[in-house]
Amino acid sequence: MNTLELLQQRVNDDLRLLGPAPDNWIPSLPGSDHDVVVVGGGQSGVTTAFALARAGVTRTSVIESRPPQLTGSWRAKARMRNLRTAKSSAGPDLDIPSLTFRAWYEAQHGQAAYDALPRIPTVEWARYLEWLREQTQVAVRFGIELLRIEPYEGLLRLHLRDGERTFTETTRKVVLATGIVGSGAPHIPAPIIAALPAEILAHTDAPIDFAALAGREVAVLGAGSAAFDAAATALEAGAAHVHLYCRHPRLAAASNMGTLKYPAAQENFANLPDAVRWKLAWHFRERSPGPTPEVVARATRFENFTVHLDAADLQASFNGRQAILVSRGGQVAVDQVIAGTGYQCDLALRSELAAIAGDIALWRDRYAIPAAEQQRPNAGYPYLGPGYQFQPRVPGTAPWIEHIYCFNFAAITSFGRHVGDVGSIRYGVPRLVSHLVKDFFLQDLDQQVARLLSEVPDELRFEEYAHAIANPSEHSAG
């Protein structure tokens with residue numbers, strides 16, 4: 001038996017010692033195909049389904065639009081060599097030691113090898129998540145795309161696509177574990193889109209043929225880690241020169257969000273008054289995470305790499321063959337422009353939410369934002385309930401909206417951090433599942449009370465102690 005097989009035995013033993021997962025306790029609702037549909041088969045979706053099973057919520061289906069080899073960001077579009085989060089960050093394991101990345105890695109490479117890792121290699125994390133999905137026995141339905149959600153006879157009806165086939169299924173609740181792009185769409189500044197043809201413009205979120213950039217002039221817009229990763233990948237592919245444009249006079253040396261790492265803050269951010277959450281959410285966004293030293297070093301080791309600072313005045317045009325970029329650093333002609341300019345939160349841009357986005361409360365709908373702050377992007381983020389539930393825009397209407405749980409980047413203003421990333425799972429998934437369980441229990445309260453009041457079969461027979469009773473004739477079994 002090899003070391004990984006020994007670890008798998010440890011996993012089995014840990015789960016055995018924890019005791020069996022409870023049987024499903026949720027009454028079957030007529031017409032419902034599922035109790036929960038989790039949208040997204042990446043780390044958040046799999047962990048949520050595993051936690052639900054451990055809580056006795058078993059009629060759960062996980063759907064994922066992409067094939068297994070492209071599920072999650074780690075294989076589909078990640079260009080970083082290592083995860084940004086600390087290697088000690090736990091989450092998908094649900095505090096079961098044998099399911100941690102460390103246990104999996106040490107089983108194959110030893111403790112010394114793990115201790116020597118500065119960060120978790122991206123490819124190893126992707127492999128670990130595949131192993132975790134197997135160990136937790138979470139079945140993911142790959143290749144199933146969610147097209148639309150709508151209310152239907154007390155349920156949610158999902159319009160789905162599998163290749164050329166479209167069909168519908170019903171569920172009581174939906175969890176959107178759809179990552180950073182699940183909040184809306186990749187963002188490229190409008191003047192850049194207007195100035196440049198689509199064939200020479202790409203966002204870092206999209207697949208990019210970096211091999212085709214060998215010998216070409218490349219520009220990268222943005223100065224976060226994703227932008228630097230794209231620049232380094234182009235340089236490693238043989239780009240003639242890469243120009244990276246940062247709108248600020250200096251690269252971000254730290255993030256205000258760094259103060260949010262201690263457990264009490266992560267667990268209690270959602271409990272803060274709205275005014276405090278609004279203030280902190282903007283404080284975190286105002287100085288958002290910049291590039292890590294590792295990704296900066298990866299790009300700056302190339303002599304044919306140039307950083308253009310203080311480029312907020314960047315202008316772009318197209319001469320019929322190349323993009324012409326002009327900033328205070330001068331004029332540059334490039335063959336390809338890559339935008340590492342982040343994402344915009346707009347639920348109406350998501351096909352599955354477009355028809356119901358007008359029913360979902362945003363922060364501007366529920367919090368009296370000071371006049372001078374009403375244009376901040378945070379105003380357009382969904383205002384979520386304590387369990388990540390969407391809230392109806394008009395209180396008292398569209399109550400079915402609260403059966404959709406937003407466990408993705410769009411939750412950042414309500415919960416303070418990037419929901420769905422590695423560091424958010426440890427605190428986020430238990431909160432999410434706890435509220436799902438509570439909502440199911442209260443929604444079916446009459447049936448749960450009837451169950452609690454039902455007759456309990458005898459465990460002790462009178463005959464088992466009759467022989468020890470004083471004056472047994474007075475206490476006959478009758």
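Predicted model: local features only at pLDDT ≥ 70, side-chain atom pairs only at ≥ 80, totals over all residues.
Figure 1. At a relative accessibility of 37%, Tyr 465 counts as partly exposed, since the partly exposed class runs between the buried limit of 20% and the exposed limit of 50%. Phe 462 is also partly exposed, its relative accessible area being 22%. A pair of aromatic rings is described by the distance of the centres and the angle of the planes. For Phe 462 and Tyr 465 the centres are 5.2 Å apart and the planes meet at 70 degrees, so the pair is edge-to-face.

**Figure 2. The aromatic pair of Trp 363 and Tyr 367.** The count of aromatic pairs comes to 19. In one of them, Trp 363 and Tyr 367 sit 6.0 Å apart, centre to centre, with 75 degrees between the planes, an edge-to-face arrangement. Trp 363 and Tyr 367 are both buried.

**Figure 3. A cluster of aromatic rings that includes Trp 125, Tyr 128 and Trp 131.** Ring pairs also bring Phe 101, Trp 104, Tyr 105 and Tyr 114 into this cluster. Trp 125, Tyr 128 and Trp 131 are among the buried residues of helix H6.

**Figure 4. Helix H6, residues 122–136.** The end C-alpha atoms of H6 lie 21 Å apart, in agreement with the 21 Å that its 15 residues should span at 1.5 Å a residue. Eleven of these 15 residues are buried, so H6 is largely enclosed by the rest of the structure. The buried set includes Thr 122 and Thr 136, as well as Glu 124 and Arg 133. Just after H6, Gln 137 takes a positive phi of about 60 degrees.

**Figure 5. The second largest pocket, with a volume of about 370 Å³.** Its lining is made up of 18 residues, and Phe 50, Ala 53, Thr 136, Gln 137 and Val 138 lie nearest the centre. At least two lining residues come from each of helix H1 (3–18), helix H2 (43–54), strand E2 (60–64) and helix H6 (122–136). H2 contributes the most, with four residues. Sorted by class, the lining of this pocket holds ten nonpolar, six polar and two charged residues.

**Figure 6. Asp 229 in helix H8.** Helix H8 covers residues 225–236. Asp 229 has a relative accessible area of 3%, which means that this residue is buried.

Definitions and conventions: Residues numbered from 1 in each chain as written. Heavy atoms only, no water. 1 Å grid on protein atoms, 1.4 Å probe; cavity = no way out; pocket = protein on both sides within 12 Å on 5 of 7 lines; lining within 4 Å. Points joined across faces, edges and corners; volume = space filled by probe spheres on them. Nonpolar A, V, L, I, M, F, W, Y, C, P; charged D, E, K, R; others polar. Expected span 1.5 Å × (residues − 1). Buried < 20%, exposed > 50% of the residue type's maximum accessible area, 1.4 Å probe, protein only. Phe/Tyr/Trp six-rings, centres within 6.5 Å; stacked < 30°, edge-to-face > 60°.
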